[in-house]
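These questions and answers go through one structure step by step. Look at the sequence and the model before reading on.

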Amino acid sequence: MMNSSFITIRGTRLYVEQYNEASKDVLLYLHGGPGSSCIDFCYYQAKALSDSLRVVALDQRGVLRSDPIQADEPFGVDDIIKDLEELRDQLGVDRWNLLGHSFGGYLAVKYALDYPDSIRKIVFESPCFDVYSAARSIISKANDTFKENNNPKGMEQTSKYLSGDYSAEELWNAIGSIFEFMGEDKDLLYFKGITPDEYGEIMKIGIPSNEMWSHTGMHTQKLQDEGEFFKNLMPQLSQIPHPTLLITGAYDPVCCHVQQQAYQQHMHDGKRVLFEHSAHFPRLEEPEKYTNEVLRFILG
(Lines give C-alpha, C1' and ligand atoms only; values in the text may rest on other atoms or scores of the structure.)
Protein backbone atom coordinates (compact mmCIF):
# COMPACT_ATOMS: atom_id res chain seq x y z
CA MET A 1 0.00 0.00 0.00
CA MET A 2 1.32 3.45 -0.94
CA ASN A 3 1.10 6.53 1.23
CA SER A 4 1.97 9.90 -0.32
CA SER A 5 2.41 13.05 1.73
CA PHE A 6 4.16 16.39 1.97
CA ILE A 7 6.74 16.42 4.76
CA THR A 8 8.24 19.69 5.96
CA ILE A 9 12.02 19.37 5.94
CA ARG A 10 14.32 22.27 6.81
CA GLY A 11 11.81 24.94 5.89
CA THR A 12 10.30 23.43 2.73
CA ARG A 13 7.81 20.71 1.85
CA LEU A 14 9.09 17.59 0.12
CA TYR A 15 6.78 15.22 -1.73
CA VAL A 16 7.36 11.72 -0.30
CA GLU A 17 5.88 8.34 -1.21
CA GLN A 18 6.11 5.39 1.21
CA TYR A 19 5.33 1.74 0.60
CA ASN A 20 4.99 -1.10 3.17
CA GLU A 21 5.76 1.09 6.18
CA ALA A 22 5.59 -1.93 8.50
CA SER A 23 8.77 -3.52 7.12
CA LYS A 24 11.96 -3.12 9.16
CA ASP A 25 14.20 -3.12 6.07
CA VAL A 26 14.07 0.37 4.52
CA LEU A 27 15.15 1.44 1.03
CA LEU A 28 15.47 5.11 0.07
CA TYR A 29 15.37 5.90 -3.65
CA LEU A 30 17.38 8.89 -4.94
CA HIS A 31 16.37 10.08 -8.39
CA GLY A 32 18.71 11.44 -11.02
CA GLY A 33 18.61 14.38 -13.37
CA PRO A 34 19.32 16.64 -11.67
CA GLY A 35 15.58 17.21 -11.40
CA SER A 36 14.07 13.99 -12.79
CA SER A 37 11.59 13.05 -10.01
CA CYS A 38 10.85 9.62 -8.54
CA ILE A 39 7.89 8.96 -10.89
CA ASP A 40 9.52 6.35 -13.11
CA PHE A 41 10.93 4.40 -10.15
CA CYS A 42 7.59 4.33 -8.36
CA TYR A 43 5.80 3.22 -11.54
CA TYR A 44 6.99 -0.36 -11.10
CA GLN A 45 9.93 -0.91 -8.77
CA ALA A 46 8.62 0.80 -5.64
CA LYS A 47 5.60 -1.49 -5.74
CA ALA A 48 7.56 -4.63 -6.62
CA LEU A 49 10.28 -4.07 -4.02
CA SER A 50 7.77 -3.19 -1.31
CA ASP A 51 6.61 -6.79 -1.17
CA SER A 52 9.76 -7.29 0.92
CA LEU A 53 10.97 -3.80 1.88
CA ARG A 54 9.74 -0.49 3.18
CA VAL A 55 10.36 1.81 0.22
CA VAL A 56 10.72 5.58 0.53
CA ALA A 57 10.93 7.79 -2.58
CA LEU A 58 10.83 11.56 -2.89
CA ASP A 59 11.03 14.45 -5.29
CA GLN A 60 14.14 16.27 -4.10
CA ARG A 61 14.02 19.88 -2.91
CA GLY A 62 12.62 22.07 -5.68
CA VAL A 63 11.66 19.18 -7.99
CA LEU A 64 8.19 18.69 -9.51
CA ARG A 65 5.73 18.02 -6.68
CA SER A 66 7.97 19.35 -3.90
CA ASP A 67 7.88 23.06 -3.10
CA PRO A 68 9.76 25.24 -5.60
CA ILE A 69 13.09 26.90 -4.89
CA GLN A 70 12.95 30.69 -5.08
CA ALA A 71 15.34 32.61 -7.32
CA ASP A 72 17.01 34.34 -4.33
CA GLU A 73 17.17 31.17 -2.22
CA PRO A 74 20.59 29.56 -1.58
CA PHE A 75 20.66 25.92 -2.74
CA GLY A 76 23.30 23.31 -3.47
CA VAL A 77 24.15 19.62 -3.26
CA ASP A 78 24.69 19.80 0.49
CA ASP A 79 21.08 20.92 0.96
CA ILE A 80 19.84 17.70 -0.64
CA ILE A 81 22.11 15.62 1.63
CA LYS A 82 20.92 17.44 4.75
CA ASP A 83 17.31 17.00 3.62
CA LEU A 84 17.82 13.24 3.34
CA GLU A 85 19.29 12.97 6.82
CA GLU A 86 16.49 15.09 8.32
CA LEU A 87 13.92 12.93 6.49
CA ARG A 88 15.48 9.78 7.95
CA ASP A 89 15.24 11.26 11.43
CA GLN A 90 11.62 12.38 10.98
CA LEU A 91 10.57 8.97 9.66
CA GLY A 92 12.16 7.27 12.66
CA VAL A 93 14.52 5.14 10.57
CA ASP A 94 17.69 4.00 12.32
CA ARG A 95 19.68 3.03 9.21
CA TRP A 96 18.42 2.65 5.69
CA ASN A 97 19.62 1.33 2.37
CA LEU A 98 20.18 3.71 -0.53
CA LEU A 99 19.36 3.22 -4.20
CA GLY A 100 20.74 6.03 -6.37
CA HIS A 101 20.13 6.36 -10.10
CA SER A 102 22.44 8.50 -12.28
CA PHE A 103 22.87 11.83 -10.40
CA GLY A 104 21.21 10.00 -7.50
CA GLY A 105 24.30 7.75 -7.43
CA TYR A 106 26.43 10.88 -6.98
CA LEU A 107 24.16 11.90 -4.09
CA ALA A 108 24.43 8.42 -2.55
CA VAL A 109 28.23 8.75 -2.44
CA LYS A 110 28.04 12.20 -0.85
CA TYR A 111 25.47 11.03 1.70
CA ALA A 112 27.49 7.92 2.58
CA LEU A 113 30.62 10.01 3.16
CA ASP A 114 28.81 12.59 5.31
CA TYR A 115 26.55 10.24 7.29
CA PRO A 116 28.04 6.72 7.17
CA ASP A 117 26.23 5.59 10.33
CA SER A 118 22.84 6.27 8.72
CA ILE A 119 23.32 3.71 5.95
CA ARG A 120 23.40 -0.10 5.69
CA LYS A 121 23.96 -0.86 2.00
CA ILE A 122 24.01 1.08 -1.27
CA VAL A 123 22.73 0.19 -4.73
CA PHE A 124 24.06 2.27 -7.62
CA GLU A 125 21.91 2.09 -10.76
CA SER A 126 23.63 3.56 -13.83
CA PRO A 127 25.37 6.09 -11.56
CA CYS A 128 27.25 9.22 -12.51
CA PHE A 129 30.30 9.46 -10.27
CA ASP A 130 32.04 11.82 -12.69
CA VAL A 131 30.32 14.25 -15.07
CA TYR A 132 33.46 14.64 -17.21
CA SER A 133 33.75 10.97 -18.23
CA ALA A 134 29.97 10.60 -18.49
CA ALA A 135 29.66 13.63 -20.78
CA ARG A 136 32.53 12.44 -22.99
CA SER A 137 30.84 9.03 -23.27
CA ILE A 138 27.50 10.59 -24.24
CA ILE A 139 29.18 12.81 -26.82
CA SER A 140 31.09 9.82 -28.19
CA LYS A 141 27.89 7.82 -28.63
CA ALA A 142 26.27 10.83 -30.28
CA ASN A 143 29.23 10.90 -32.65
CA ASP A 144 28.59 7.24 -33.54
CA THR A 145 24.98 8.12 -34.35
CA PHE A 146 26.04 11.01 -36.56
CA LYS A 147 28.39 8.68 -38.45
CA GLU A 148 25.63 6.11 -38.95
CA ASN A 149 23.28 8.82 -40.25
CA ASN A 150 25.95 10.54 -42.34
CA ASN A 151 25.47 13.84 -40.50
CA PRO A 152 28.66 15.89 -41.13
CA LYS A 153 27.57 18.91 -39.06
CA GLY A 154 26.88 16.67 -36.09
CA MET A 155 30.23 14.90 -36.49
CA GLU A 156 31.97 18.26 -36.62
CA GLN A 157 30.42 19.27 -33.30
CA THR A 158 31.18 16.03 -31.49
CA SER A 159 34.72 15.77 -32.87
CA LYS A 160 35.40 19.29 -31.64
CA TYR A 161 34.57 18.39 -28.05
CA LEU A 162 36.15 14.94 -28.08
CA SER A 163 39.47 16.26 -29.38
CA GLY A 164 39.62 19.50 -27.37
CA ASP A 165 40.61 20.33 -23.80
CA TYR A 166 37.30 20.99 -22.08
CA SER A 167 36.16 20.94 -18.47
CA ALA A 168 33.36 18.79 -17.09
CA GLU A 169 31.04 21.80 -17.03
CA GLU A 170 31.86 22.72 -20.62
CA LEU A 171 31.20 19.19 -21.85
CA TRP A 172 27.95 19.02 -19.86
CA ASN A 173 26.74 22.26 -21.43
CA ALA A 174 27.85 21.08 -24.89
CA ILE A 175 25.50 18.10 -24.77
CA GLY A 176 22.48 20.38 -25.23
CA SER A 177 23.77 21.88 -28.47
CA ILE A 178 24.84 18.46 -29.76
CA PHE A 179 21.38 17.07 -29.03
CA GLU A 180 19.88 19.81 -31.21
CA PHE A 181 21.65 18.22 -34.16
CA MET A 182 20.33 14.78 -33.17
CA GLY A 183 16.63 15.62 -32.87
CA GLU A 184 14.59 12.70 -31.59
CA ASP A 185 17.58 10.37 -32.01
CA LYS A 186 19.04 11.80 -28.82
CA ASP A 187 16.52 9.86 -26.71
CA LEU A 188 17.64 6.59 -28.25
CA LEU A 189 21.00 6.95 -26.50
CA TYR A 190 19.37 6.26 -23.14
CA PHE A 191 17.05 3.34 -23.92
CA LYS A 192 17.36 -0.23 -25.17
CA GLY A 193 14.70 -2.38 -23.49
CA ILE A 194 11.90 0.17 -23.89
CA THR A 195 11.25 3.02 -26.30
CA PRO A 196 11.55 6.73 -25.46
CA ASP A 197 7.80 7.05 -26.11
CA GLU A 198 7.03 4.34 -23.56
CA TYR A 199 9.18 6.14 -21.02
CA GLY A 200 7.41 9.41 -21.80
CA GLU A 201 4.03 7.83 -21.10
CA ILE A 202 5.27 6.57 -17.73
CA MET A 203 6.45 10.04 -16.75
CA LYS A 204 3.03 11.53 -17.56
CA ILE A 205 1.25 9.30 -15.03
CA GLY A 206 -0.08 11.31 -12.10
CA ILE A 207 1.11 14.64 -13.52
CA PRO A 208 -1.88 16.72 -14.67
CA SER A 209 0.10 19.20 -16.78
CA ASN A 210 3.57 20.27 -17.81
CA GLU A 211 3.20 23.28 -15.53
CA MET A 212 4.29 21.06 -12.63
CA TRP A 213 7.70 20.79 -14.28
CA SER A 214 8.09 24.53 -14.69
CA HIS A 215 9.83 25.23 -11.38
CA THR A 216 12.16 22.21 -11.56
CA GLY A 217 14.54 24.16 -13.79
CA MET A 218 15.53 26.30 -10.81
CA HIS A 219 16.74 23.16 -8.99
CA THR A 220 18.88 22.16 -11.96
CA GLN A 221 20.22 25.63 -12.70
CA LYS A 222 21.28 26.32 -9.12
CA LEU A 223 23.15 23.02 -8.95
CA GLN A 224 24.95 23.89 -12.18
CA ASP A 225 25.76 27.38 -10.89
CA GLU A 226 27.14 25.95 -7.65
CA GLY A 227 29.30 23.54 -9.64
CA GLU A 228 29.74 20.96 -6.89
CA PHE A 229 28.35 18.09 -8.93
CA PHE A 230 30.94 18.69 -11.66
CA LYS A 231 33.62 17.39 -9.27
CA ASN A 232 34.93 13.87 -9.83
CA LEU A 233 33.93 11.52 -6.99
CA MET A 234 35.64 8.41 -8.36
CA PRO A 235 38.73 8.69 -6.09
CA GLN A 236 36.45 8.94 -3.05
CA LEU A 237 34.74 5.62 -3.69
CA SER A 238 37.49 3.93 -1.65
CA GLN A 239 36.26 5.83 1.44
CA ILE A 240 32.81 4.19 1.39
CA PRO A 241 32.68 1.50 4.08
CA HIS A 242 29.32 0.01 3.12
CA PRO A 243 28.53 -3.02 0.96
CA THR A 244 27.55 -1.78 -2.50
CA LEU A 245 25.98 -3.10 -5.68
CA LEU A 246 26.59 -1.56 -9.10
CA ILE A 247 23.83 -2.13 -11.67
CA THR A 248 24.93 -1.26 -15.19
CA GLY A 249 23.20 -1.44 -18.55
CA ALA A 250 25.29 -2.79 -21.41
CA TYR A 251 24.25 0.16 -23.61
CA ASP A 252 24.33 2.91 -20.95
CA PRO A 253 26.15 6.07 -22.11
CA VAL A 254 26.37 7.54 -18.59
CA CYS A 255 28.01 4.94 -16.37
CA CYS A 256 30.76 4.40 -18.92
CA HIS A 257 33.74 2.04 -18.87
CA VAL A 258 35.88 4.61 -17.04
CA GLN A 259 33.45 4.83 -14.14
CA GLN A 260 32.89 1.08 -13.99
CA GLN A 261 36.65 0.54 -13.79
CA ALA A 262 36.93 3.11 -11.01
CA TYR A 263 34.17 1.34 -9.07
CA GLN A 264 35.90 -2.02 -9.36
CA GLN A 265 39.26 -0.50 -8.46
CA HIS A 266 38.24 1.65 -5.49
CA MET A 267 35.19 -0.02 -3.93
CA HIS A 268 36.28 -2.39 -1.15
CA ASP A 269 33.04 -4.33 -0.79
CA GLY A 270 31.43 -3.93 -4.20
CA LYS A 271 29.46 -6.23 -6.47
CA ARG A 272 28.45 -5.58 -10.08
CA VAL A 273 25.56 -6.92 -12.16
CA LEU A 274 25.37 -6.29 -15.90
CA PHE A 275 21.96 -5.89 -17.53
CA GLU A 276 22.59 -7.03 -21.08
CA HIS A 277 19.38 -5.65 -22.60
CA SER A 278 19.39 -2.25 -20.90
CA ALA A 279 20.83 1.22 -21.38
CA HIS A 280 20.35 3.91 -18.68
CA PHE A 281 17.13 2.60 -17.06
CA PRO A 282 17.51 -1.11 -16.13
CA ARG A 283 14.67 -0.79 -13.62
CA LEU A 284 12.25 -0.31 -16.54
CA GLU A 285 14.11 -2.15 -19.28
CA GLU A 286 14.60 -5.43 -17.37
CA PRO A 287 12.27 -4.93 -14.39
CA GLU A 288 11.96 -8.46 -13.01
CA LYS A 289 15.70 -9.09 -13.05
CA TYR A 290 16.20 -5.71 -11.42
CA THR A 291 13.78 -6.46 -8.57
CA ASN A 292 15.38 -9.81 -7.92
CA GLU A 293 18.93 -8.47 -7.90
CA VAL A 294 18.10 -5.57 -5.58
CA LEU A 295 16.26 -7.79 -3.11
CA ARG A 296 19.01 -10.43 -3.17
CA PHE A 297 21.56 -7.77 -2.33
CA ILE A 298 19.60 -5.85 0.31
CA LEU A 299 18.23 -8.87 2.13
CA GLY A 300 21.21 -11.17 1.64
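Q: Is Ile139 buried or exposed?
A: The model is predicted: local features need pLDDT of at least 70, side-chain atom pairs count only at pLDDT 80 or more, and totals for chains, interfaces and linings use all residues. Residues are numbered from 1 along each chain as its sequence is written, and side-chain values use heavy atoms, with hydrogens and water left out. The scale is relative accessible area: buried is under 20%, exposed is over 50%, and partly exposed is in between (1.4 Å probe, protein chains only). Ile139 has a relative accessible area of 1%, so this residue is buried.

Q: Which residues does Ile139 touch, not counting those up to four places away in sequence?
A: Ile139 sits in helix α4; helices (H or I, at least four residues) and strands (E, at least two) are DSSP runs, numbered from the N terminus. Contact means heavy atoms within 4.5 Å. Beyond four places in sequence, Ile139 touches Thr158, Tyr161, Leu162, Leu171, Ile175 and Ile178.

Q: How many Å separate Asp269 and Ala174 in space, C-alpha to C-alpha?
A: Asp269 lies in the loop between α9 (257-266) and β8 (270-275), and its relative accessible area of 36% makes it partly exposed. Outside four places in sequence, Asp269 is in contact with His242, Pro243 and Thr244. Ile139 and Ala174 are 35 residues apart in sequence and 8.6 Å apart in space, C-alpha to C-alpha. For Asp269 and Ala174, 95 residues apart in sequence, the C-alpha distance is 35 Å.

Q: Which elements are included in what covers the buried residues of α3?
A: Since 10 of its 12 residues are buried, α3 is largely enclosed by the rest of the structure. Among the buried residues are Phe103, Tyr106, Lys110 and Tyr111. The cover includes β3 (26-30), α2 (77-91), β5 (96-101), β6 (119-125) and α8.

Q: What kind of aromatic pair do Tyr111 and Tyr115 form?
A: Rings of Phe, Tyr and Trp (its six-membered ring) pair if their centres lie within 6.5 Å; planes under 30 degrees apart count as stacked, over 60 as edge-to-face and the rest as tilted. The whole structure holds 16 aromatic pairs. Tyr111 is buried at 0% relative accessibility, while Tyr115 is partly exposed at 27%. Because their ring centres are 5.7 Å apart and their planes lie at 70 degrees, the pair is edge-to-face.

Q: Which elements give two or more residues to the lining of the largest pocket?
A: On a 1 Å grid over the protein atoms alone, a cavity is a set of points where a 1.4 Å probe fits but cannot get out; a pocket is an open set with protein on both sides within 12 Å along at least five of seven lines, and lining residues have an atom within 4 Å of a point. The largest pocket has 35 lining residues, with Gly33, Ser36, Phe179, Tyr190 and Phe281 nearest its centre. The elements that give two or more residues to this lining are α3 (103-114), α4 (131-148), α6 (168-182), α7 (196-204) and α8 (216-226).

Q: What is the volume of the largest pocket?
A: Grid points are joined across faces, edges and corners, and a volume is the space filled by probe spheres set on the points. The second largest pocket holds about 300 Å³; its lining residues include Lys141, Asp144 and Tyr251. For the largest pocket the volume is about 1000 Å³.

Q: What is the phi of Asn150?
A: Ser126, in the loop between β6 and α4, has a positive phi of about 45 degrees although it is not a glycine. Ser126 is buried at 0% relative accessibility, whereas Asn150 is exposed at 61%. Asn150 lies in the loop between α4 and α5 (152-163), and its phi is also positive, near 55 degrees.
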